[in-house]
Amino acid sequence: MSTPDRNPQEGGGPNLVSIEVMRNHSELFRSECMRLIMESDKACKRMQDDDNKRLDQRVRDIQFLRKELELKLDEIILEIDALIVLQSRVMKALEGCKEPMRVTVLCLEERMKRLPSERLHDEVDRELLRERELIDGVGSLLQRVAEQINEQIRLNRSAKYYVEQDLKEKSEAQCIDDSCALMTTHSQSNLQKSINAKTLLASLTVTPKQWENISDINIIKAEQQKTNSQSLRALVESLLEQTASDMQKQVQATTSAFQLNVQEIKTAKSQMEDQLSKILSEFASQQRNKEDLQASITENEHFLSLAQSRLTLRRQRPGKEHCHDPAQSQLLAEVQQLTVHISKLHEAAAQSEQQQRALIRCQLDLQENIGIKANSLYIDEVICAQHREPIIIHNF
């Protein structure tokens, strides 16, 4: 039995047409894949280049803001240091007010120990009261200034804190972006692979404008506090200079009042001592005058006694001889004149004694007033001067 003829492409053999089609399709698919790979590679490189450019730009932006923040940080630190130094000066000035105030009050108390007749509200008292009022006012003012400085230091430190925090975050962000710029497909860490998309999206809550505004706000706040701090320092410097000058002038005015008062007391005391010397001399002269009067009275009484004795004796003349002759007339006139002289001498002696008593009263009064002046002089020239000698008002 013979077999029928058949086509080699027919029958149970492979379908070469289909195979050819499949092969052609595979070649086309490979070409498409190669094209896709090339396009993907280009896209990846382009995107990586764009990423690197964006990251570089971001790093430059961060660096720019860091420089601005670092500049403000340096400025605010300098202001804090300057305020701390100024605060120390203010506290020293406050401390420097205590001793002058103590001395002023002590001088007022010492001057109250003067004797009542000298306890006058004189120019020294007025200057001491002005001095006490001025020092008290300066102390209150410096206390308020110290509180303002404390508050400004607090505000400066607050601004410094936010700038430092911003710098810290900027530094961390720059390190991360630098790392991102250096990162390759072969250098990814397992830690970065563990960051899921949800966490990444949750962290992106600040827009670029908000990000820039945060630093701008911190810089503006720091600049504002720096300006406020500089204004406060200029004001405090002026106040320290003015208060020191005012205190120096007042202390000098009080010292001048003391010196003038001491000179016036010395002059008055010297005048009274001179008068006392004259009074004592006059008293001695008056004593001699009284003695001379007493001697004259005694002598005149002797002459009177003599005249009276003569008259008595002449009365014993015989009756015819009992003549009112010139001798008798002279004796009678002599008795009368001597009596008048003795009377006047007694009056003069009495007046001399009165003068002596008046001189003694004047002497005692002068001695008392000299003692009072000496007491006042001791208080002002010795005690108060010793208290005030250490007072030196330095420039604060």
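Tutor: Helix α1 makes a right-handed crossing with α6. A crossing is left-handed if the near helix is turned anticlockwise from the far one by less than a right angle, and right-handed if clockwise. Helices (H or I, at least four residues) are DSSP runs, numbered from the N terminus. The model is predicted: local features need pLDDT of at least 70 and side-chain atom pairs count only at pLDDT 80 or more, while totals for chains, interfaces and linings use all residues. Residues are numbered from 1 along each chain as its sequence is written, and side-chain values use heavy atoms, with hydrogens and water left out.

Student: At what angle do α1 and α6 pack, and how far apart are their axes?

Tutor: Axes are lines fitted to C-alpha atoms, for helices over the stretch in contact, and angles run from 0 to 180 degrees between N-to-C directions. For α1 (residues 16-111) and α6 the angle is about 165°, and the axes lie 9 Å apart. This makes α1 roughly antiparallel to α6 (angles over 145 degrees count as such).

Student: Which residues of α1 and α6 meet?

Tutor: Contact means heavy atoms within 4.5 Å. On the α1 side the residues are V103, T104, L106, C107, E110 and R111, and they meet I379, D380, I383, C384, H387 and R388 of α6. Sorted by class, the α1 contact with α6 holds six nonpolar, two polar and four charged residues. Ala, Val, Leu, Ile, Met, Phe, Trp, Tyr, Cys and Pro count as nonpolar, Asp, Glu, Lys and Arg as charged, and the others, Gly among them, as polar.

Student: How do α5 and α6 pack?

Tutor: Their angle is about 165°, with axes 5 Å apart. The two helices, α5 and α6, are therefore roughly antiparallel to each other. Their crossing is left-handed. By class, 33 nonpolar, 22 polar and 14 charged residues make up the contact of α5 with α6.

Student: And how do α2 and α5 pack?

Tutor: Helix α2 (residues 123-182) packs against α5 at an angle of about 165°, the axes being 9 Å apart. That makes α2 roughly antiparallel to α5. The crossing of α2 with α5 is left-handed. In this contact of α2 with α5 there are 25 nonpolar, 12 polar and eight charged residues.

Student: Is Q328 buried or exposed?

Tutor: Buried means under 20% relative accessible area, exposed over 50%, partly exposed in between (1.4 Å probe, protein chains only). Q328 has 9% relative accessibility, so Q328 counts as buried. Q328 sits in helix α6 (residues 326-388). Leaving aside residues up to four places away in sequence, Q328 touches L311, R314, R317 and C323.

Student: Where are S309 and D51 found?

Tutor: S309 belongs to helix α5 (residues 208-314). At 41% relative accessibility, S309 is partly exposed. D51 belongs to helix α1 and is partly exposed too, at 45% relative accessibility.

Student: How far apart in space are S309 and I19, and by what distance are D51 and V90 separated?

Tutor: Distances here run from C-alpha to C-alpha. S309 and I19, 290 residues apart in sequence, are 204 Å apart in space, C-alpha to C-alpha. For D51 and V90, 39 residues apart along the chain, the C-alpha atoms are separated by 57 Å.

Student: Which residues does UniProt list for "coiled-coil region"?

Tutor: UniProt positions are given in the numbering used here, feature names are shortened, and annotations may be inferred rather than shown by experiment. The unreviewed UniProt entry lists residues 222-282. In the model, residues 222-282 are 100% helix and 0% strand (strands: DSSP E runs of at least two residues), and the end C-alpha atoms are 88 Å apart.

Methods: Angles under 35 degrees count as roughly parallel, over 145 as roughly antiparallel, 65 to 115 as roughly perpendicular and the rest as oblique.
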